[in-house]
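Dear colleague,

I am handing over the structure we spoke about, and below it you will find what turned up when I went through it. Please keep it open beside this message as you read.

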Amino acid sequence: MTSANFVSYSAPGLCQSVAMLPSVGHLLTLLLVMGTGGIMPSPQVPPQGCYMAEEAGERTFRCSQAGLSAVPTGIPNDTRKLYLDANQLASVPAGAFQHLPVLEELDLSHNVLAHLSGAAFQGLADTLRHLDLSANQLASLPVEAFLGLQIQVNLSANPWRCDCALQEVLSRVRLAPGTGTGIVCGPGARPDLVGQEFLTLAGQEELCGTGRGGAQRSTDVALLVTMGGWLALVVAYLVHYVWQNRDETRRPLKPAPALPARSEDSSTLSTVV
């Protein structure tokens with residue numbers, strides 16, 4: 001009787017205690033978060049042709065040759081290396097990778113990229129170190145897309161316009177070793193520049209005289225020329241004024257005209273006569 005009562009009263013309490021324990025799945029999730037530095041992996045299912053891998057201890061997401069025409073969703077946010085090469089990506093919109101807070105390497109090579117948003121790499125300034133944009137259809141790049149980034153980039157095998165914007169981008173980034181000779185002026189460049197290596201060309205002439213980045217320089221030059229012209233006019237006037245005054249001081253003074261005799265003296269002379 002006592003044993004039966006014990007079972008009848010203790011069984012509900014035991015069930016209640018078990019129900020309060022966290023589920024095994026929840027515990028595994030917590031352990032996974034702790035193992036990835038506190039970053040909760042994205043729960044989305046990766047697109048077809050993409051897969052997650054562990055390469056050299058780095059969380060790597062590969063979507064190579066997956067037939068993608070846009071940057072996919074469902075990329076785990078603990079990804080450190082992202083490969084989107086050999087697809088049909090034509091553009092990279094603003095903030096396309098801002099949900100990847102630990103992304104270090106990004107491969108966008110062998111696509112058909114013709115446009116890059118000025119905010120394409122927004123949110124990656126503290127992490128992104130390697131960027132591959134080779135073998136695309138890029139003719140120019142927005143300088144603002146690379147502001148704040150400390151990256152090594154591959155820009156080879158693109159039909160570059162070889163303009164001021166490209167020159168300014170190259171002043172802000174480091175080229176991947178051995179890729180500089182692959183930056184060649186394409187059909188959109190000036191006819192005399194087509195087929196020339198950009199790095200050699202940039203060392204020979206200033207491409208920022210006109211266009212983006214050069215407009216301010218042209219304005220500054222025009223302002224300096226105008227101010228110089230006005231200064232020359234002022235100096236010329238002062239020189240002319242000084243010489244004219246010096247000539248005036250060197251001229252002999254003209255004798256003063258004789259004053260006519262007084263009328264009283266004339267009357268007296270007449271009386272004497």
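Valine 242 counts as exposed because its relative accessibility is 54%, and exposed means over 50%. Please bear in mind, here and below, that this is a predicted model. Valine 242 belongs to helix α5, which covers residues 214-250, and together with Val234, Tyr237, Leu238 and Tyr241 it forms a nonpolar patch on the surface, whose accessible area comes to about 520 Å² in total.

Serine 69, which sits in the loop between β2 (58-62) and β3 (81-83), counts as exposed as well, because its relative accessibility is 59%. Although serine 69 and leucine 89 are 20 residues apart along the chain, their C-alpha atoms are separated by 4.6 Å. If residues up to four places away in sequence are not counted, serine 69 touches Gln88, Leu89 and Ala90.

Which residues is phenylalanine 97 in contact with, once its neighbours within four places in sequence are left aside? They are Val71, Leu82, Leu84, Val92, Leu103, Leu106, Leu108, Ala120, Phe121, Gln122 and Leu124.

Technical notes
Residues numbered from 1 in each chain as written. Predicted model: local features only at pLDDT ≥ 70, side-chain atom pairs only at ≥ 80, totals over all residues. Heavy atoms only, no water. Contact = heavy atoms within 4.5 Å. Patch = residues over 30% accessible without salt bridge, like charges linked within 9 Å, V, L, I, M, F, W, Y side chains within 5 Å. Areas by Shrake-Rupley, 256 points an atom, 1.4 Å probe, with all protein chains shown as cover. Salt bridge = Lys/Arg side-chain N within 4 Å of Asp/Glu carboxyl O. Helix = DSSP H or I, 4+ residues; strand = E, 2+ residues; numbered from the N terminus. Buried < 20%, exposed > 50% of the residue type's maximum accessible area, 1.4 Å probe, protein only.
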